[in-house]
Amino acid sequence: MELEQQNVWRDIVVPVNMTFDKLHKVLQVVFDWQDYHLHEFYIFGEEKFNNDFYINHPGYHKEGHRPIVNLVCNEEAFAYPNDVPMRFESGVKLLEYLPAKMKYNYDFGDNWQHYIEVIRLIDSYDKNYPVCLAGEGNTPPEDVGGEHGYEEFLQIIADKENPQYEFMSKWGESQGYKEFDIDMVNKFLKACNVVMQIKLCMVVGRADVIVKLAVQKHYFEVWGLWA
């Protein structure tokens, strides 16, 4: 996650045949977001260019890579095209773009940017659901006001003598702010997978049976990168 003052990252494993709309759900879980806002993905090519003028563009990459496609989460986004080709994320599999560099933008107001780097492909993996392998740092509360607002929030809750301490602490909890707990994250990821299996059974007329889905051959490891 791109923050100047905080080190916030997650190392996760997901199936290569996962679609980007499902990856969005995984990122929401591992970063403890509440899915209140719109999001998008940018996929980048290997080509680099002088993108200084591009710095305020949502498709900006800090290493200078040129964006090749913008994956959006709703049809309304196509009414506001930019200079990067757009696709609807639903149905687009990660495998289609691997091992490209990616960026996940969440909440266009607070503008949370998550750089995603493919670390490696894993040929043998014994789970059929995403797993968080490691991580560090707490995710900002929803609607805190971007990075500047988050820094102010942290200053207040670090000082019990601050007159806003009690209010801001309770407000942060109401907005989903909590300590990163990798065990809880993985329990939730596994639970979400069970729910998906139940839905699949219902689709095929087997609501009374939870089937074990076949483990995919390839998974890839990604970092929700830090600044």
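Q: Why does tyrosine 104 count as buried?
A: Tyrosine 104 counts as buried because its relative accessibility is 0%. Buried means under 20% relative accessible area, exposed over 50%, and partly exposed in between, with a 1.4 Å probe and protein chains only.

Q: What kind of model is this?
A: This is a predicted model, in which local features need pLDDT of at least 70 and side-chain atom pairs count only at pLDDT 80 or more, while totals for chains, interfaces and linings use all residues. Residues are numbered from 1 along each chain as its sequence is written, and side-chain values use heavy atoms, with hydrogens and water left out. Here pLDDT is the predictor's confidence in each residue, from 0 to 100.

Q: How many aromatic pairs are there?
A: The count is nine aromatic pairs. One of them joins phenylalanine 41 and tyrosine 104, with 5.0 Å centre to centre and 40° between the planes, a tilted arrangement. Rings of Phe, Tyr and Trp (its six-membered ring) pair if their centres lie within 6.5 Å; planes under 30 degrees apart count as stacked, over 60 as edge-to-face and the rest as tilted.

Q: Where do phenylalanine 41 and tyrosine 104 sit?
A: Phenylalanine 41 is in strand E2 (residues 39–48) and tyrosine 104 in strand E5 (residues 101–106), so that the pair links distant parts of the chain, 63 residues apart. Helices (H or I, at least four residues) and strands (E, at least two) are DSSP runs, numbered from the N terminus. Phenylalanine 41 is also buried, at 0% relative accessibility.

Q: Why is the pair of tyrosine 150 and tyrosine 177 edge-to-face?
A: The planes of tyrosine 150 and tyrosine 177 stand at 65°, with ring centres 6.3 Å apart, so the pair is edge-to-face. Tyrosine 150 is in helix H2, whereas tyrosine 177 is in the loop between H3 and helix H4 (182–203). Tyrosine 150 is buried at 2% relative accessibility, as is tyrosine 177 at 15%.

Q: Which residues do ring pairs link into a cluster?
A: The cluster consists of Phe20, Phe41, Tyr97 and Tyr104.

Q: On to charges: which ring does arginine 10 lie over?
A: Arginine 10 lies over the face of phenylalanine 180, at 3.8 Å from the ring centre. Lysine 62 lies over the face of tyrosine 115, at 4.7 Å. The rule requires NZ of Lys or CZ of Arg within 6 Å of the ring centre and within 35 degrees of the ring normal.

Q: How many residues of helix H1 are buried?
A: Nine of the eleven residues of helix H1 (residues 20–30) are buried, so H1 is largely enclosed by the rest of the structure. Among them are Phe20, Asp21 and His24. Just after H1, aspartate 32 takes a positive phi of about 60°.

Q: Is methionine 168 buried or exposed?
A: Methionine 168 is buried, with a relative accessible area of 14%, and it belongs to helix H3 (residues 165–174). Leaving aside residues up to four places away in sequence, methionine 168 touches Phe153, Ile156 and Ile157, where contact means heavy atoms within 4.5 Å.

Q: Finally, where is confidence lowest?
A: Confidence is lowest in strand E8 (residues 219–225), at a mean of 43, and highest in helix H2 (residues 146–157), at 97. Over residues 198–227 pLDDT stays under 50. Where pLDDT is low, the predicted coordinates should not be read in detail. The mean pLDDT of the protein chain is 84.
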